[in-house]
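Please look at the sequence and the 3D structure below. The paragraphs that follow go through a few places in the fold.

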Amino acid sequence: METTASIKEKLRQAETFEPWMEELKNDTRKSVQQLLASWQRRFDKKISLLQHLEDKQSFDRQFKKHPGSLVAGIDEAGRGPLAGPVVTAAVILPEDCSAFIGLDDSKIIAKAKRNELALLIKQQAVSWSVHIQPPEAIDRLNIYQATRQSMEAAANGLGTAPDIVLADAMKLSLPMPSESIIKGDAKSLCIAAASILAKTGRDDLMDEYDEMYPQYGFSKHAGYGTKDHLSVLEAHGPCPIHRKTFEPVKSMAERR
């Protein structure tokens, strides 16, 4: 009888269901049944992720006028916080996106996986661009216009011009055609890629600001209006990266 350790190793290496696995179903050892069930769960998850990847790629392909058309995705991070910049990113992914299994909206991916995907995107993208819109511009323009201009700057910053741009819920004015896609980071692979670069880029900046203004805890809340952030704001008032037109920062600044 084959040892459990041998079966475990064979299952670890198996990429698809193989005839010898059918025999394992009749193995009376509980440990073997647990190993087989674990392999099946991993396999089912892989199939689900592959289908998810294909669905997102198919969404992007519908905007191509011909197979060689380049589609760029654009997304932002940081519209809602009380402090820090808005960061936008534009990404053109390669035709072969098999390496991007698990790529999704940055908000539903763990930080370690986001960082891993960000590195992969930068390595394999046809072109990528990141634009940082500082708090001063947000206060001067308002958050909508500041985000819109930042998205346009990210698109224009691409080293390779796309044939069409897909932006997450934003109408843009660009030299090439563009589409506003509601919940685009959940539908489009290239927008999801842009969301990863925008989120990781902004998180890195907020970590730097945390070192400059340690009392505010920016590395923990990234500038969002958490209970702890509001408490520190009440005690110390706003710092240079707070958005002076956002409440309650505006009222706090006026009282000082």
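Helix 3 (residues 30-61) and helix 8 (residues 189-212) pack with their axes 7 Å apart and at an angle of about 105°. Helices here are DSSP runs of H or I with at least four residues, strands are runs of E with at least two, and both are numbered from the N terminus. The axes are lines fitted to C-alpha atoms, for helices over the stretch in contact, and the angles run from 0 to 180 degrees between N-to-C directions. The angle makes helix 3 roughly perpendicular to helix 8; angles of 65 to 115 degrees count as roughly perpendicular, under 35 as roughly parallel, over 145 as roughly antiparallel and the rest as oblique. From helix 3, Leu53, Lys56, Gln57 and Asp60 make the contact, and from helix 8, Leu189, Cys190 and Ala192 (contact means heavy atoms within 4.5 Å). By class, this contact has 4 nonpolar, 1 polar and 2 charged residues. Ala, Val, Leu, Ile, Met, Phe, Trp, Tyr, Cys and Pro count as nonpolar, Asp, Glu, Lys and Arg as charged, and the others, Gly among them, as polar.

The model is predicted: local features need pLDDT of at least 70 and side-chain atom pairs count only at pLDDT 80 or more, while totals for chains, interfaces and linings use all residues. Residues are numbered from 1 along each chain as its sequence is written, and side-chain values use heavy atoms, with hydrogens and water left out.

Ile191 is also found in helix 8. Ile191 is buried, with a relative accessible area of 0%; buried means under 20%, exposed over 50% and partly exposed in between, with a 1.4 Å probe and protein chains only. Leaving aside residues up to four places away in sequence, Ile191 touches Gly73, Ile74, Asp75, Leu166, Ala167, Asp168, Ile181, Gly184 and Asp185. Lys8 is 183 residues from Ile191 along the chain, and their C-alpha atoms are separated by 39 Å.

How many disulfides does the structure hold? It holds 0, a disulfide being a pair of cysteine sulfur atoms within 2.5 Å. The cysteine sulfur closest to that of Cys97 is in Cys190, 8.9 Å away, which is too far for a bond. Cys97 counts as buried at 3% relative accessibility, and Cys190 counts as buried at 2%.

Another buried residue is Ser127, at 7% relative accessibility. Ser127 is in strand 3 (residues 127-133). A polar atom of the Ser127 side chain lies 3.5 Å from the backbone nitrogen of Thr160. Not counting residues up to four places away in sequence, Ser127 touches Ala90, Val91, Ile92, Leu158, Gly159 and Thr160.

The remaining points concern the backbone in loops. Most residues other than glycine have a negative phi, and most peptide bonds are trans. Asn142, in the loop between helix 5 (135-141) and helix 6 (143-156), has a positive phi near 90°. Asn142 is partly exposed, with a relative accessible area of 39%. Lys183 lies in the loop between strand 5 (178-181) and helix 7 (184-187), and its phi is positive, about 55°. Lys183 is exposed, with a relative accessible area of 62%. The peptide bond from Glu247 to Pro248 is cis, with omega near 5°. Pro248 lies in the loop between helix 10 (227-236) and helix 11 (249-255).

Terms used: A polar contact is a pair of N or O atoms within 3.5 Å; within protein, one must be able to donate a hydrogen and the other to accept it, and residues adjacent in sequence count only if both atoms are side-chain atoms.
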